[in-house]
Amino acid sequence: MRVTGEWVLFEKFKVVETVQTFFTVNVGLTSTYTYKAFRSSQAMLSRLSIRSAKSVSFVRGISSTVPALKSTYDSPDFSHYLNKSKGSNDKSRDFTYFMVGSYGLLGAAAAKSTVEAFLSTMSASADVLAMAKVEVKLNAIPLGKNVVVKWQGKPVFIRHRTPAEIEEANAVDISTLRDPQADSDRVKNPEWLIMLGICTHLGCVPIGEAGDFGGWFCPCHGSHYDISGRIRKGPAPLNLEVPEYEFADEETLVVG
């Protein structure tokens with residue numbers, strides 16, 4: 001709009017200039033008449049300039065208040081990409097839901113199997129579980145004899161003690177022992193003594209019915225144990241260890 005107003009003013013100046021040129025050059029009037037015509041054209045020019053200026057300012061005022069025209073830019077049409085069957089019985093959508101659910105169930109089952117397989121590798125093997133407990137028939141062990149069984153890879157001494165041996169074990173003054181322990185604290189049934197056959201010094205296996213006290217002797221470093229498995233002489237610091245065991249019945253011992 002601003003360009004249009006200036007163009008109108010320019011055209012009016014051009015008309016006045018053309019009138020001046022016509023009177024002074026082409027018509028050939030006298031200088032006095034030419035001067036009057038010139039003054040008259042100047043007055044006309046002033047009136048035209050004022051009117052043009054007012055029109056330009058009016059147009060500018062209008063242009064500042066007129067809101068911007070709406071853009072004619074054409075937005076892309078994506079209607080042909082839309083699902084035209086929306087709201088109808090879409091079988092493909094049902095099939096998609098079915099497949100997603102099926103794959104989800106298969107994935108959950110596979111994850112469960114993987115976790116179970118991983119946890120099973122951390123559990124004890126079958127041979128270890130088999131050795132977790134050992135049953136021993138006590139009626140097969142004669143009175144006054146030793147039996148060695150294997151439990152979790154360790155030797156276990158089972159002694160069927162005589163009444164004399166029981167009396168001997170109870171007669172010892174525990175205050176004189178390196179590892180003080182009464183015989184009654186080491187046995188559940190005084191007739192049966194159950195111990196791990198591992199020397200508490202360096203892990204050797206002592207020999208039964210040997211040593212200075214009639215119990216067990218470790219020939220590696222000279223440790224002597226009495227008939228209750230208590231250390232009496234040598235470098236071993238502790239008594240022979242007593243494992244967990246129970247009597248299932250009068251003739252069955254369960255170690256472990």
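In what order do the four strands of the open sheet stand? The order is E5-E6-E7-E8, and the pairing is antiparallel. This is a predicted model.

**The four-stranded sheet**

- Strands pair through backbone hydrogen bonds, in either the parallel or the antiparallel sense.
- E5 runs antiparallel to strand E6 (residues 215-218), and three bridges join the two.
- Within this pairing, Ile207 has Phe217 in E6 as its bridge partner.

**Strands E3 and E4**

- Strand E3 (residues 154-160) pairs with E4 through five bridges, in the antiparallel sense.
- Val156 is placed opposite Leu196 of E4.
- Strand E4 (residues 192-196) is mostly covered, with five of its five residues buried.
- In a regular strand, side chains alternate between the two faces of the sheet.
- In E4, Trp192, Ile194 and Leu196 point one way. Leu193 and Met195 point the other way, and these residues too are buried.

**Arg159 and its partners**

- Arg159 sits in strand E3. Its relative accessible area is 4%, so it counts as buried.
- The side chain of Arg159 makes a polar contact of 3.1 Å with the side chain of Asn146.
- Arg159 also meets Glu165 in a salt bridge between side chains (2.3 Å, N to O). Both of these residues are buried.

**Other salt bridges**

- Side chains of opposite charge can pair when their charged atoms come close.
- The model has seven salt bridges.
- One of them links the side chains of Asp183 and Arg161 (2.9 Å, N to O). Asp183 lies in the loop between helix H5 (163-170) and E4, and Arg161 lies in the loop between E3 and H5, so the pair ties together parts that are 22 residues apart in sequence.
- Asp183 is buried at 4% relative accessibility. Arg161 is buried too, at 0%.
- Shared partners join the salt bridges of Arg159, Glu165 and Glu209 into one network.
- Another salt bridge is formed by Asp226 and Arg230, whose closest N and O atoms are 3.1 Å apart. Both Asp226 and Arg230 are buried.

**Surface patch**

- Val115, Phe118, Leu119 and Met122 form a nonpolar patch on the surface. Together they have about 440 Å² of accessible area.
- Leu119 belongs to helix H3 (residues 91-122). Its relative accessible area is 49%, so it counts as partly exposed.

- Gln152 is not a glycine, yet its phi is positive, at about 55 degrees. Gln152 is in the loop between strand E2 (146-151) and E3. At 39% relative accessibility, Gln152 is partly exposed.
- Glu209 also has a positive phi of about 55 degrees and is not a glycine. Glu209 is placed in strand E5. At 47% relative accessibility, Glu209 is partly exposed.

Key:
Residues numbered from 1 in each chain as written. Predicted model: local features only at pLDDT ≥ 70, side-chain atom pairs only at ≥ 80, totals over all residues. Heavy atoms only, no water. Pairing = 2+ DSSP bridges. Buried < 20%, exposed > 50% of the residue type's maximum accessible area, 1.4 Å probe, protein only. Patch = residues over 30% accessible without salt bridge, like charges linked within 9 Å, V, L, I, M, F, W, Y side chains within 5 Å. Areas by Shrake-Rupley, 256 points an atom, 1.4 Å probe, with all protein chains shown as cover. Salt bridge = Lys/Arg side-chain N within 4 Å of Asp/Glu carboxyl O. Polar contact = N/O pair within 3.5 Å; in protein donor to acceptor, adjacent residues only side chain to side chain.
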